[in-house]
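Hi everyone, thanks for coming.

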Amino acid sequence: MSVRVALLGCGTVGTEVVRLLEDQAADLAARVGAPVELAGVAVRRANRHAGVRPELLTTDAAALVARDDVDVVVEVVGGIEPARSLLLQAIKSGKSVVTANKALLAEDGATLAEAADAAGVDLYYEASVAGAIPLLRPLRESLAGDRITRVAGIVNGTTNFVLDAMTQSGAGYAEALEEATRLGYAEADPTADVDGYDAASKAAILATIAFHTRVTAADVHCEGIRRVTAADIAAAEGLGCTIKLLAICERLDGGGTESVSARVYPAMIPRPHPLAAVGGAFNAVFVEADAAGQLMFYGQGAGGAPTASAVLGDLVAVARNRVGGGRGPRETAYASLPVRPIGDVTTRYHVSLDVTDRAGVLSAVAGEFARRGVSIAAVRQTGAGDGGAGARLVVVTHGAPDSALAATVDALAGLDVVHGVEGVLRVEGLGHRVATLGDS
Ligand SMILES: NC(=O)c1ccc[n+]([C@@H]2O[C@H](COP(=O)([O-])OP(=O)(O)OC[C@H]3O[C@@H](n4cnc5c(N)ncnc54)[C@H](OP(=O)(O)O)[C@@H]3O)[C@@H](O)[C@H]2O)c1
């Protein structure tokens, strides 16, 4: 008996899956208890895959999935369709599936999970979040007896590379993105990365698993890094912080009712926090749980071989279940906690304003914060703004509902004495103390 695999897609990840399956065939057979064999490889353009044995290649993915001699389907095509239909077809015909498709899982993971439950097959997707880093299985299995309170991390290598380059060299956003593109860390169209959509998909997947609650990409508040400036980076340094694009999934307790928040935005984090030291295109995820305390997962979040490592790990797990009988853990969404909008979430803001340099300005500015119940932690005048005619005022707040903070910034922009709101960034302590202005 062997476990026969249909591979859908043979691009960056799929090519490495084929290589690992062939190079490690003997070891995989020994670990699974049966040979793991490729039954076929579906691609879009069959003439572009010289590295794959021609008899395996097909452009008819649906026909490959339907074959009786296929036990497991591995999907590394990406996108919503035809990936969803192909996976559902596989599941309904009793085949277990492995996928790296974060976009599909974040949009419609529930449909796949329910179909897998109904059919009694496995659905594994470790590679969909943070590439090579073992993260979903530790959350779902190793921490299954604990209560996870927060999962916060850097889950997009492109944006971490760009922000790190800006921090290291003082470069502006456009210059740092250009370097990332030149070195192959950013795609020709970097939208999904720099606007935060890729991280938002991963946040949805993480929140779903961590809180046993279905969270989709549409539930995730998402802001990218396009508006982060060299001045923001310098301001963060002044506060003893560094700026990272964070995916934050949190369990919120309010008035005895539990809810969850999932959000993605660039934020200042204290430099002593372990996430602040994550450089280049690396990923890292910080997990907090009641009994386990703090855990950190770190490694390569993308790339053909690292991602294929996670795919192969899933494939071995699924193949073992086929050989030994039984299924791996199912997705559980029993908690069904409400997902709170960003306006309800308590955050802190760092606001830089160009203001008129005269008496009474500070009280006008402070008045707008006070009117909305936002308490100020520190204020500093950092020098002349506006070509010397005004001053630069920096305000750091205490925690307040995001809606109150956003309304305050809108009101500040309308004040006569405010020439411009130069920068607004959230400050996330993530359990660490944030320095106040002047003591970093
Ligand atoms: N790349 C990474 O670092 C990474 C990391 C984590 C997760 N992922 C996820 O892994 C998946 C694959 O990513 P990738 O970077 O390997 O993508 P990719 O390089 O663009 O490869 C996609 C593959 O799918 C094939 N394909 C496209 N449409 C198809 C169709 N209708 N039927 C059959 N095959 C089709 C393409 O065929 P042709 O080659 O013939 O055009 C290509 O081989 C995505 O879900 C992605 O989000 C990727």
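**A walk through the model**

Let's begin with Thr 397, which is buried, its relative accessible area being 0%. Before I go on, please keep in mind that this is a predicted model. Thr 397 sits in strand β15, which covers residues 390-397. So what does Thr 397 touch, once we skip residues up to four places away in sequence? The list is Arg 348, Tyr 349, Phe 369, Val 374, Ser 375, Ile 376, Ala 377 and Leu 405.

Now, on to the ligand. It has 21 residues around it, and the closest are Cys 10, Val 13, Arg 45, His 49 and Gly 303. If you sort that shell by class, you get ten nonpolar, eight polar and three charged residues. Let me pick out some individual distances. A polar backbone atom of Cys 10 is 2.8 Å from an oxygen atom of the ligand. For Arg 45, a backbone N or O atom lies 2.7 Å from a ligand oxygen. With Lys 102 we switch to the side chain: one of its polar atoms is 3.5 Å from an oxygen atom of the ligand. And how much of the ligand's accessible area does the protein cover? On its own the ligand has 910 Å², and the protein covers 78% of that.

Next, the inside of the protein. As a bit of background, nonpolar side chains in soluble globular proteins tend to be buried together. Here, the largest nonpolar core has 83 residues. Those with the most contacts inside it are Val 73, Leu 139, Ile 148, Val 151, Leu 206 and Met 268. Helix α10, residues 197-211, gives this core its largest share, ten residues. There's also a second, separate core of 34 residues, and Val 52, Leu 57, Val 316 and Ala 319 are among them.

Let's zoom in on Ile 148. Leaving out neighbours within four places in sequence, Ile 148 is in contact with Leu 139, Leu 143, Ala 210, Phe 211, Arg 251, Val 287, Glu 288 and Ala 289.

Two of those names come up again with Gly 293, which lies in strand β12, residues 293-300. Not counting residues up to four places away, Gly 293 touches Val 287 and Glu 288. Is Gly 293 buried, partly exposed or exposed? It's partly exposed, because its relative accessible area is 25% and the buried class stops under 20%. Gly 293 and Asp 146 are 147 residues apart along the chain, yet their C-alpha atoms are separated by 9.8 Å.

Last stop: helix α4, residues 83-92. Its buried residues are Ala 83, Leu 86, Leu 87, Leu 88, Ala 90 and Ile 91. They pack against β1, α3, β4, β5 and α5. Just after the helix, Gly 94 takes a positive phi of about 85 degrees.

From helix α5, let's take Leu 112. Leu 112 counts as buried, because its relative accessibility is 0%. Beyond its neighbours within four places in sequence, Leu 112 contacts Arg 84, Leu 87, Leu 88, Ile 91, Leu 104, Leu 105 and Leu 123. For a sense of scale, Leu 112 and Ile 233 are 121 residues apart in sequence and 41 Å apart in space, C-alpha to C-alpha.

Note on methods: Residues numbered from 1 in each chain as written. Predicted model: local features only at pLDDT ≥ 70, side-chain atom pairs only at ≥ 80, totals over all residues. Heavy atoms only, no water. Near = heavy atom within 4 Å. Polar contact = N/O pair within 3.5 Å; in protein donor to acceptor, adjacent residues only side chain to side chain. Areas by Shrake-Rupley, 256 points an atom, 1.4 Å probe, with all protein chains shown as cover. Nonpolar A, V, L, I, M, F, W, Y, C, P; charged D, E, K, R; others polar. Core = buried A, V, L, I, M, F, W, Y, C linked by side-chain atoms within 4.5 Å. Buried < 20%, exposed > 50% of the residue type's maximum accessible area, 1.4 Å probe, protein only. Helix = DSSP H or I, 4+ residues; strand = E, 2+ residues; numbered from the N terminus. Contact = heavy atoms within 4.5 Å.
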